[in-house]
Amino acid sequence: FSVLMLATNWRDVKGLFVDINSWKASPGIITQSYLRPGRNSKSVSTLVAEVRYTYDVGGQRYNGDRICFNDTSSNQFTKGVAESYVHKYPVGKLVNVYYMPQEPDFSVLEPYNKGFNGFF
């Protein structure tokens, strides 16, 4: 389980250290948007905003689910924030998806919303 958590959060951590200015944007569409219950690292009940999207790079279709980079998991927030993301990204909405050119499957909707900013 710990290895899975490390693998799941690695891209969030990696996202804090990449040069977002070198990323590209691609048009995308929201394919799923809903709330589900979850637990944070302290086992406190939270809500998770499940927002999934598709986008194309170089004629290949990619799927993503990262809203922003932060210090827990990509889409786990307080109730109000989770609800606001689901409202902001309804199914069918056209969005800009930001991706790393060297790794087009590494994407995010809000690249500048980083949870560790106060720490660094």
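A nonpolar core here is a set of buried Ala, Val, Leu, Ile, Met, Phe, Trp, Tyr and Cys residues joined through side-chain atoms within 4.5 Å. Buried means under 20% relative accessible area. Keep in mind that the model is predicted.

Start by selecting Ile30, Tyr55, Ile67, Tyr89 and Leu109, and show their side chains. The largest nonpolar core has 18 residues, and these five touch the most other members. Next, colour strand S2 (45–57), helix H2 (79–88) and strand S6 (94–100), the elements that give two or more residues to this core. Which of them gives the most? That is S2, with six residues.

Now select Trp23, Phe69, Phe106 and Val108. They are among the six residues of another core, which lies apart from the largest one.

Go back to H2 and pick out Ala82, Tyr85 and Val86, which are buried. Turn the view to look down the axis of H2: its buried residues fall within an arc of 100°, so they line one face of the helix. An α-helix has 3.6 residues a turn, so residues three or four places apart point the same way.

Finally, select the whole protein chain. It holds two helices and eight strands, and along the sequence they follow the pattern α-β-β-β-β-β-α-β-β-β. Of its 120 residues, 42% count as buried. Switch to a surface view: the protein chain exposes about 7100 Å², and carbon and sulfur atoms supply 56% of that area. If you display contacts between residues at least 6 apart in sequence, 64% of them join residues at least 24 apart.

Definitions and conventions:
Residues are numbered from 1 along each chain as its sequence is written. This is a predicted model: local features need pLDDT of at least 70, side-chain atom pairs count only at pLDDT 80 or more; totals for chains, interfaces and linings use all residues. Side-chain values use heavy atoms; hydrogens and water are left out. Buried means under 20% relative accessible area, exposed over 50%, partly exposed in between (1.4 Å probe, protein chains only). Helices (H or I, at least four residues) and strands (E, at least two) are DSSP runs, numbered from the N terminus. The arc is that of the directions from the helix axis to the C-beta atoms. Contact means heavy atoms within 4.5 Å. Accessible areas come from the Shrake-Rupley method with a 1.4 Å probe; for residues, only the protein chains shown count as cover.
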